[in-house]
Amino acid sequence: MTNPLILKLEQRDQLSEEEKRTLENAISRVRVVEADEDIVREGDRPSESSLLLDGFAARYKIVSNGRRQISALHVAGDFLDLHSFLLKTMDHGVLALTTCRIAAVPHATLEKITDEYPHLTRMLWLNTLIDGAIHREWLTAMGRLSATAHMAHLICELYLRLKAIGRAEGYTVQLPITQAELGDTLGLSTVHVNRVLQELRKEGLIRFQGDALTILDWERLKKVGEFTSTYLSLQNEDR
């Protein structure tokens, strides 16, 4: 299977064959992490960064009352902690939401890439900037959108991110995320999450069959979620 990071980066700009080999060879080992296990813990000082090859993961923090806030959802092709290459100490944890295959990329290898491959370095930097853009959209949605609009926005975002790595069939994606996990992401109770999903179903915007989520009306869902894909759709820019 093609490294999903390569698929993701090639949505932004062309990679040379040497750059692709460099990314493939950067992986020192692959491990499997089961659902609900930590991939990286808050306070860790990793000597390698984790690349998600398969599955779904989440960045999170626990507040003083024991409640969890998910601050990012990750799909295949995402670096889970690329920033630890420079920031060193993790200020949050990363959790496997499903069984995940994780590739380890040593920081020493990343340092070599930054020294020898300036274009590839810029592409990885762009990757982190897009993560930041997604985070800003989340903050805006949480602060200013209704719960229904926030959910619609999140579904649109996840669909495009999964489509970019070849994990969509038409408007259908596999989304094995529980309503409790969606609640921790959106800052809602599980009951409220269920109510919002029912509303989107009744409006004829989405359909769930098991883990399969189908978007029935893409244009209307985008409108409900006030979703613009500018931050996800940079194509073939001069990098």
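Mentor: Let's start with Trp 218, which is buried because its relative accessible area is 14%; buried means under 20%, exposed over 50%, and partly exposed in between, using a 1.4 Å probe and protein chains only. Before we go on, this is a predicted model, so local features need a pLDDT of at least 70 and side-chain atom pairs count only at 80 or more, while totals for chains, interfaces and linings use all residues. Residues are numbered from 1 along each chain as its sequence is written, and side-chain values use heavy atoms, with hydrogens and water left out.

Now, who does Trp 218 team up with? Its ring forms a tilted aromatic pair with Tyr 171, 6.1 Å centre to centre and with 35° between the planes. To pair, rings of Phe, Tyr and Trp (its six-membered ring) need centres within 6.5 Å; planes under 30 degrees apart are stacked, over 60 edge-to-face, and the rest tilted. This pair ties together distant parts of the chain: Tyr 171 sits in the loop between β8 and β9, Trp 218 is in helix α9 (residues 218–224), and 47 residues separate them. Helices (H or I, at least four residues) and strands (E, at least two) are DSSP runs, numbered from the N terminus. Tyr 171 itself counts as partly exposed, because its relative accessibility is 39%. Ring pairs also bring in Tyr 159 and Phe 227, which form a cluster with Tyr 171 and Trp 218.

Four strands form an open sheet in the order β8-β9-β11-β10, with antiparallel pairing; two strands pair if DSSP finds at least two bridges between them. Strands of a sheet pair through backbone hydrogen bonds, either parallel or antiparallel. Here the edges are β8 (168–169) and β10 (206–209), each pairing on one side only. β9 (residues 172–174) and β11 (residues 212–215) share 3 bridges, and Gln 174 has Ala 212 of β11 as its bridge partner. On the other pairing, β10 and β11 share 4 bridges, with Arg 207 partnered by Thr 214 of β11. The hairpin of β10 and β11 has 2 residues between the strands, and Gly 210 there takes a positive phi near 65°.

Next, the helices. The axes of α6 (residues 147–164) and α7 (residues 179–186) come within 11 Å and cross at roughly 105°. Axes are lines fitted to C-alpha atoms, for helices over the stretch in contact, with angles from 0 to 180 degrees between N-to-C directions. That angle makes α6 roughly perpendicular to α7, since under 35 degrees is roughly parallel, over 145 roughly antiparallel, 65 to 115 roughly perpendicular and the rest oblique. Contact here means heavy atoms within 4.5 Å, and it is made by His 150, Met 151 and Leu 154 of α6 with Leu 182, Thr 185 and Leu 186 of α7.

Stay with α7 for a moment: Glu 181, Leu 182, Gly 183, Thr 185 and Leu 186 are buried there. Their cover includes β5 (68–74), α5 (118–144), α6 and α8 (190–202).

Last stop, the segment after α9, where you'll find Thr 230. Thr 230 is exposed because its relative accessible area is 57%.
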